[in-house]
Amino acid sequence: MPDYLVVLQGAWIVRKVKSVQDAMNIAVAEAGKRLSPDLDFVEIDVGDTECPRCHEPLKSVFMVAGTALVGLIFEMKVFNAQSEEHAARIAKYEIGKRLQRVPLEVIEVRRI
């Protein structure tokens with residue numbers, strides 16, 4: 001059975017924050033705490049969004065009135081999955097049960 005790298009995107013809300021950089025740092029740290037210790041191997045980063053005008057990549061953070069919505073990227077290796085769809089279901093289940101009420105979407109599944 002092959003191994004896969006599954007990339008998920010999640011929406012994380014950070015309240016009472018003063019800057020975009022603080023929001024990104026807090027979101028990554030909070031997600032890491034909720035995945036730890038069982039899923040320490042999951043890579044967490046802030047995602048990028050393309051600017052509609054200049055097409056340059058921008059960090060996926062939207063901040064209004066001290067509240068930020070941060071788009072996080074989760075990368076997880078899934079071993080011995082039956083297919084790409086099976087690997088995606090495994091990753092979404094394992095991450096999702098630790099990050100309850102965080103919407104997750106599969107971005108990419110790649111065979112490794």
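Guide: Helices (H or I, at least four residues) and strands (E, at least two) are DSSP runs, numbered from the N terminus. This is a predicted model, in which local features need pLDDT of at least 70, side-chain atom pairs count only at pLDDT 80 or more, and totals for chains, interfaces and linings use all residues. Residues are numbered from 1 along each chain as its sequence is written, and side-chain values use heavy atoms, with hydrogens and water left out.

Visitor: In which strand does F62 lie?
Guide: The secondary structure comprises two helices and seven strands. Their order from the N terminus is β-α-β-β-β-β-β-α-β. The residue in question, F62, belongs to strand 5.

Visitor: Is F62 buried or exposed?
Guide: Buried means under 20% relative accessible area, exposed over 50%, and partly exposed in between (1.4 Å probe, protein chains only). F62 has a relative accessibility of 57%, so F62 counts as exposed.

Visitor: Which residues make the nonpolar surface patch of about 390 Å²?
Guide: Patches are made of residues with over 30% relative accessible area and no salt bridge; like charges are joined within 9 Å, nonpolar side chains (Val, Leu, Ile, Met, Phe, Trp, Tyr) within 5 Å. Areas come from the Shrake-Rupley method with a 1.4 Å probe, and for residues only the protein chains shown count as cover. A salt bridge is a side-chain nitrogen of Lys or Arg within 4 Å of a carboxyl oxygen of Asp or Glu. The patch is made by I13, F62, V64 and L69.

Visitor: Is S60 buried or exposed?
Guide: S60 lies in the loop between strand 4 (57-59) and strand 5 (61-64). Contact means heavy atoms within 4.5 Å; beyond four places in sequence, S60 touches V46, G47, D48, T49, L69, V70 and G71. Because its relative accessible area is 16%, S60 is buried.

Visitor: Which residues does A31 contact, leaving aside its neighbours within four places in sequence?
Guide: A31 is placed in helix 1 (residues 20-35), and at 0% relative accessibility A31 counts as buried. A31 and W12 are 19 residues apart in sequence, with 8.4 Å between their C-alpha atoms. The contacts of A31 are W12, I44, L72, F74 and L99.

Visitor: Which residues are linked in a network of salt bridges?
Guide: E94 pairs with K97, the closest N and O atoms being 3.8 Å apart, and with R98, where the closest N and O atoms are 3.1 Å apart. K97 and E94 lie three residues apart in helix 2 (residues 84-98). R98 and E94 are four residues apart in helix 2, so about one helical turn separates R98 and E94. The network links D38, E94, K97 and R98.

Visitor: Is R98 buried or exposed?
Guide: K97 has a relative accessible area of 37% and is therefore partly exposed, and E94, at 21%, also counts as partly exposed. R98 has a relative accessibility of 19%, so R98 counts as buried.
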